[in-house]
Amino acid sequence: MNDTRHQSLFFVSLPDLQKLCATTATLSYQIPESETRSTQLKFCRQLLFLHQDILSAPVIGTNQIAVVMAIPFYKSGICQAYIEKQGVTMEAPQTVTPAILQACLSYTLAARLAPRWNKAGHLLVQGKDFLSHSGRQNAVVLDLNVSERQLCISVEAYSIRLPPPELEDFDISANTLKMFDSNENAVIHQHSILSNWCYVLPSMKMGQIINISHIIPPESPFHSYKEFQMHWKNLYGYILPEDLEETKTYFSVYFKPVGERLFTYPSSCIRSQPVQYFPRTDSESVLNSFLSDLKRNLPHLCGFPVKMTSKALYATQELSRALEIKSKHVKLAGETFCGVSLAQAPPRKQTLPRISSSCSMENSHWVERLIKEPDAHAFPSSSRGTGKMITGSKYLTCETMTSKPTSSVKESNLETSVKNGCAKRQQKEGYSKLKRARRSKPSI
C-alpha cells in the first residue's frame with residue numbers, strides 16, 4: 001500500500017440522539033447454528049431496505065441485530081409488526097449511544113452502497129462487475145467516527161487489482177488441469193493442489209482449498225448457480241456473473257477456526273492473491289464519484305435532514321509547541337490540549353493518522369459552524385491553560401497530555417538551572433555569614 005495516505009474528511013451534523021431510540025431484535029433459537037450467521041445478515045438487510053429511516057447492524061457472535069430509528073417511527077409500530085411477523089423477538093427501546101449509532105450507520109451505508117461499491121476486506125470496490133474484472137479498479141476505504149453531535153466521514157481513494165483466479169495460480173499440474181477441463185465430473189483433490197491457500201470474499205480471509213469441482217458438492221446448502229446468485233445478493237449485495245451455460249467451477253474451502261465443516265464458493269468469489277495496490281493520479285474523480293453515491297444513500301438520517309461539508313478537509317500529525325513555560329508555577333498534569341486546523345489541500349509525503357474522537361467540545365462547536373458557513377475557516381483560540389491553537393498550519397492535529405512530560409528537555413534544563421541557582425545563592429549566603437561573623441568577633 002502507498003506510504004502516502006490522503007484521508008479526505010467530511011463532517012455531518014447529527015440529530016439530537018435523544019430523539020432516537022435503539023432496540024435489539026433476536027432471531028429464533030430454533031435456527032440451526034450453521035445457518036445463524038447467514039440468516040442474521042439476510043434479515044438485517046431486509047430491515048434496512050424495508051424503510052429508509054431504519055439503521056441496523058448484526059451483533060457479531062450472537063443471533064441478534066441492533067436497530068436504530070426515530071422515536072416517532074418506533075411509535076408507529078411499522079418496524080415491530082414486520083419483526084414479529086418474521087418470528088423475531090424485539091426488546092424494549094433504549095437510549096442511543098454514539099457507539100451504537102456508529103456501528104449501525106457503518107453497516108447500513110456499506111449495505112446500501114452495494115452493488116455500486118462492494119465490500120472486499122476493508123475496501124469498497126467500485127462497480128457491480130468487479131468480480132469478473134481483471135484490470136485496475138477504483139476502491140475506497142470508508143471510516144466513520146460518531147460523537148454526540150457530529151459524524152466524521154473519512155474517505156481514502158485507491159487504485160487496485162483484485163482479479164478472479166486462474167486454476168494455474170494454485171500450482172496444479174498441466175495434466176490434471178487438462179483432465180479437469182475435459183470431464184465435467186472430474187474433481188481436483190487436495191493432494192493435487194500444491195498451493196491450496198486462497199482468499200475468500202467478502203472478508204478476504206484465508207482458507208485452504210480441499211477440492212475443486214464442476215458440480216456443487218452434495219453437502220452444500222445450495223443446489224444451483226441461481227441459488228448462489230440469490231445468496232450473495234441477499235447477504236452482501238454482490239452481483240455474480242450471469243450464467244451463460246458455461247461450465248462452472250466450485251471450491252470447497254476449509255477454515256481451521258470453524259472446524260471440519262466445508263464451505264462452497266463459486267470461483268468468482270475466490271481470490272488467489274491479496275489486493276494489489278497502485279499509485280493513483282485521479283483520486284479527486286474517484287472521491288467525487290463515491291461522494292455522489294454516498295449522498296444519494298444518505299439524504300437524511302432516521303428521517304432527520306443531514307448537512308455535509310461540501311469540500312474535503314485533510315489531516316496530518318505535525319510537531320507543535322503545545323505548552324509555554326512563562327512562570328514558576330507550571331501546571332501540566334491532567335491538562336488536555338487539542339489544537340485543530342483544517343485545510344483544503346492534501347499534505348505531501350506525510351503519513352496520515354486515523355482521526356481521534358477525543359477532540360474538545362469547542363472544536364465540535366466550530367465544526368457545526370463550518371457546516372453552516374462552509375466558506376469560513378477561521379479557528380477560535382484556545383481559552384484553557386497555556387495551550388495555543390496552531391495558526392498558519394494547514395493540517396489537523398489533536399494532542400492530549402495526561403501526565404507530566406518528565407522526558408522534556410526544556411523542563412529538565414529548567415529544573416537543573418533552578419537547582420544550580422539555588423545552590424549558588426546558598427553558597428553566597430554562607431560566605432556572607434562567615435564574613436560578618438569574622439568582623440563581629442572581638443580582638444584578643
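What percentage of the 444 residues in the chain is buried? Buried residues make up 42% of them, where buried means under 20% relative accessible area, exposed over 50%, and partly exposed in between, using a 1.4 Å probe and protein chains only.

## Basis of the model

This is a predicted model, in which local features need pLDDT of at least 70 and side-chain atom pairs count only at pLDDT 80 or more, while totals for chains, interfaces and linings use all residues. Residues are numbered from 1 along each chain as its sequence is written, and side-chain values use heavy atoms, with hydrogens and water left out.

## The chain as a whole

The chain contains 9 helices and 19 strands. Both are DSSP runs numbered from the N terminus: helices are H or I with at least four residues, and strands are E with at least two.

A contact means heavy atoms within 4.5 Å. Among contacts between residues at least 6 apart in sequence, 70% join residues at least 24 apart. Glycine 87 sits in the loop between α3 (78-85) and β5 (89-90) and is partly exposed, at 45% relative accessible area.

## Backbone exceptions

Most residues other than glycine have a negative phi, and most peptide bonds are trans. The bond joining alanine 114 and proline 115 is cis, with omega about 5°. Proline 115 is in the loop between α4 (98-113) and β6 (117-120). A cis bond also runs from leucine 201 to proline 202, with omega near 0°.

Proline 202 belongs to the loop between β11 (197-200) and β12 (205-213). Methionine 204 lies in the loop between β11 and β12 as well. Its phi is positive, near 65°, in a residue other than glycine. Methionine 204 counts as buried because its relative accessibility is 13%.

## Aspartate 171

Aspartate 171 is not a glycine, yet has a positive phi of about 55°. Its place is in the loop between β9 (150-161) and α5 (174-182). Is this residue buried, exposed or partly exposed? Aspartate 171 counts as partly exposed because its relative accessibility is 40%.
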